[in-house]
Amino acid sequence: MKPHRLYIIMCIFSLLFLAGCRDEEAVQSAESKRTITVNLGIAMSRVAKEDQVVYGDANDMKVWLFDQTGRCVQYIPVKDPQFTGRDITGDPVESVSTEFDVTDVESLQFRVLLNTDGLNDANGNPLVLGGETKIDEIDGLTFQFGTTMPDGDNKVPMYGKEKESITIDNKREYNVDIELVRAVGKLEVLFTKESEDSYLKINKVEITQGIPTKGYLAEVSDNDDRSYDKGSIMLFESEQEEEGVIDVFLPQSEANYGDFSLHADKFQSLVQEYLLENPNGKEWNDEKHDWTYPNVPDGETYCYVLRIDYQTLEGENPKSKKIYLPIIERNTWNKIFVRVKRGEIDTEFELLVEPWHEIDIEVPPFV
């Protein structure tokens, strides 16, 4: 009987040992970290029409991933992003992939900033951003341009976020598309004269009113506390005898007022400048184009004012005209076409919203 008792005892110990192994494996599984991969497709709109598309690199990019509590779970700085990919619309895309632990993560939010190195904060100090920057801080960031202005449309500050937060379920991989929006507007001023034998020289183009003291990286509708400077921004100034002399011409017989943008090759561009958003001014739409210059719109003391000094006779004292600009919105390319006659200036305003959209808007002539 002793051998049988020994066999039974050994069987009991074996069962206990195996049960102990199974419990230990379950604990390890519960305590193990769960990782996922997130693939970001970060797109920005093209900067010209289809036949003149400009794809370019940017200076710097910063990517944040936040969980449902606002905790930063990933911070990814990217130096010199190239945006060599293309989405289905042809817009340039930068791809970023990251793998990380989501053990306590229920959902994800994303923030992307482009071209923020070299910007200042609203107090004029260098803008400092990193992994410790909170999501609310990113959404409320204000900025000023630093000592150098952006030297290309893809190098202006931009902001992007996901359309809706991503819920973490049982998938191992998530694809997220983010669209970047330029946080500034662009102003271009183009000139032509009325005939080949007429004379036109542009001496100076400057903004003389309505200069915001700061811009917002994210679009704001509430808590807009911008103030405005009474200084000026010099956009163009002729420093040599031939500088600013306009050689192109567009006769009245070839283009009436309202058709200038159809003859852009007959205009000479002298100004291309990036401007902070200014919500003051007339808001243009497709139905009402009757804001006549140079009258100051009621209650628009802080709208941008463009001053043009010019000559229609060689050696004469410069004349001066003012253009009260409409609202300058982010991601808009604002083109002003100016045909100068001896007695008046005709202007047409073309608002390009994309790719920086395209909407043609006309402005009546002023004398």
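I started with the aromatic cluster: Phe260, Phe267 and Phe337 form one. This is a predicted model, where local features need pLDDT of at least 70, side-chain atom pairs count only at pLDDT 80 or more, and totals for chains, interfaces and linings use all residues. Residues are numbered from 1 along each chain as its sequence is written, and side-chain values use heavy atoms, with hydrogens and water left out.

Next I checked the pairing rule: rings of Phe, Tyr and Trp (its six-membered ring) pair if their centres lie within 6.5 Å, with planes under 30 degrees apart called stacked, over 60 edge-to-face and the rest tilted. I get 5 aromatic pairs by that rule. Phe260 and Phe267 have ring centres 5.6 Å apart and planes at 50°, so I put the pair down as tilted. For Phe267 and Phe337 the centres are 5.1 Å apart and the planes at 80°, so that pair is edge-to-face.

I then looked up where the second pair sits. Phe267 is in the loop between strand E16 (233–237) and strand E17 (268–276), while Phe337 is in strand E20 (residues 333–340), 70 residues apart. Strands here are DSSP runs of E, at least two residues, numbered from the N terminus.

Phe260 is buried at 0%, Phe267 is buried at 7% and Phe337 is buried at 1%.

Last, I looked at Trp333. The charged end of Lys186 sits over its ring, 3.9 Å from the centre; the charged end of Lys335 also sits over the Trp333 ring, 4.9 Å from the centre. "Over" needs NZ of Lys or CZ of Arg within 6 Å of the ring centre and within 35 degrees of the ring normal.

How values were computed. Buried means under 20% relative accessible area, exposed over 50%, partly exposed in between (1.4 Å probe, protein chains only). Helices (H or I, at least four residues) and strands (E, at least two) are DSSP runs, numbered from the N terminus.
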